[in-house]
Amino acid sequence: MSAEHPLKFEILATDSSTGARRGRLHLAHGTVETPVFMPVGTQGTVKAISQEELVEMGYQIILGNTYHLYLRPGPELIAEAGGLHSFINWRQPILTDSGGFQVFSLEHIRKIGQDGVVFRSYVDGSYHEFTPEKVMQVQSALGADIVMAFDECAPYPCDRDYAREAMERTHRWAERSLAARNPGQAFFGIVQGSTYPDLRAESAQFISSLDTDGIAIGGVSVGEGKELMMKAVEWTVPYLPTEKPRYLMGVGTPEDILEAVARGIDMFDCVLPTRLGRSGSLYTSRGRVNIKNARFTRQFAPVDPDCDCWCCRNYTAAYLRHLYMCDEILAARLATYHNLYFYARLMERIREAITEQRLTDFTVEFLARYRSHLPEEVELSAENETRRENDNELRRKRSYAGTRKAQSQG
Ligand SMILES: [Zn+2]
């Protein structure tokens with residue numbers, strides 16, 4: 001793609017019975033088939049998995065977190081290495097987020113002004129400011145194919161006045177981000193508006209009026225529940241231009257993805273397959289299972305007989321369970337590989353189903369099987385689990401920052 005056109009989006013097919021689209025993104029570092037799931041590479045790595053393995057699974061784009069890469073190793077060092085692609089040896093497209101979600105999640109250590117947000121580093125306690133201009137400058141140094149506008153992700157629940165204030169700030173920051181963008185990178189604006197239909201509509205119309213390459217729906221997957229999440233999509237999509245790619249940020253479970261694809265979403269990212277994999281939760285064609293469960297002790301067969309991934313072709317559920325019970329690091333590698341492979345195959349089948357005009361049938365068949373959980377499996381909802389783990393992660397980081405501060409003062 002040339003500097004004038006850092007993104008070209010082709011729609012190859014639309015599903016006649018739903019709002020689903022099958023498309024193709026043409027970006028500076030290659031082509032991405034949509035609907036697409038983007039694994040999250042927070043610190044320049046998709047945890048436990050090598051870049052070569054991602055390619056092997058068929059992934060064409062990954063996500064990097066601006067907030068984390070800004071703090072460590074810093075945009076200067078990444079620029080010196082020739083950009084994020086070169087630094088981490090990933091030759092295909094990358095999307096970087098704006099850091100908005102992270103700075104607004106660290107609630108007690110921020111100061112929000114008209115200009116930006118002041119926050120403390122969880123690494124060493126130092127103070128930093130993110131403004132739209134600063135965030136665009138950092139994302140330019142990282143060199144991703146797609147960059148995101150700096151936005152305020154309002155918490156849930158959120159009263160109407162605050163939701164409006166956060167939305168209006170997001171709109172002003174979107175204009176400033178757009179003005180400060182590197183024209184060689186594709187730029188996405190972010191729709192906010194919390195759980196208020198009129199604010200979602202207003203935000204969708206405003207963001208759609210800007211000269212962006214794509215549009216994201218933000219402020220979802222923050223604890224509002226599945227129903228309100230899908231409502232947010234339904235309140236937003238009718239106002240979005242059909243010719244631009246649509247990205248639902250931070251979503252989701254296989255069920256969420258199927259529902260959102262049917263409502264016209266093209267791009268997804270989520271930490272679920274990687275994070276749950278590390279904690280021993282594996283996606284299978286018959287639902288998500290906890291490999292630590294005693295019923296796997298003697299399952300000398302793959303965890304998912306329908307999966308042909310490297311893990312399932314070579315290792316039994318009994319062995320995986322043993323690795324988890326002993327806290328062996330191979331457990332995290334195998335489970336993450338399997339879960340990411342499960343998501344990659346799901347997206348591939350979704351794309352095929354759209355092309356063949358049978359997305360609804362595919363969804364019904366997939367879910368009938370996926371929801372046939374074995375009766376002894378007691379499952380928390382994936383969302384609650386993610387939130388709890390997010391909270392734990394933040395607590396850990398906060399206490400680490402506190403320890404570091406105490407050490408530096410001592
Ligand atoms: Zn597998």
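**A hairpin, an open sheet and a helix pair**

Strand β16 (residues 281-284) and strand β17 (residues 287-290) pair in the antiparallel sense through 4 bridges, where two strands count as paired if DSSP finds at least two bridges between them. The two strands form a hairpin with 2 residues between them, and Y283 has R288 of β17 as its bridge partner. Helices (H or I, at least four residues) and strands (E, at least two) are DSSP runs, numbered from the N terminus. The model is predicted, so local features need pLDDT of at least 70 and side-chain atom pairs count only at pLDDT 80 or more, while totals for chains, interfaces and linings use all residues. Residues are numbered from 1 along each chain as its sequence is written.

Elsewhere, 3 strands form an open sheet in the order β1-β2-β3, with antiparallel pairing. Because β1 (7-14) and β3 (30-34) stand at the edges with a single partner strand each, one side of each is left without a neighbour in the sheet. β1 is joined to β2 (residues 21-27) by 7 bridges, and T14 stands opposite R21 in β2.

Helix α6 (residues 132-142) and helix α7 (residues 160-180) pack at an angle of about 40°, with their axes 8 Å apart; axes are lines fitted to C-alpha atoms, for helices over the stretch in contact, and angles run from 0 to 180 degrees between N-to-C directions. The two helices are therefore oblique to each other, since angles under 35 degrees count as roughly parallel, over 145 as roughly antiparallel, 65 to 115 as roughly perpendicular and the rest as oblique.
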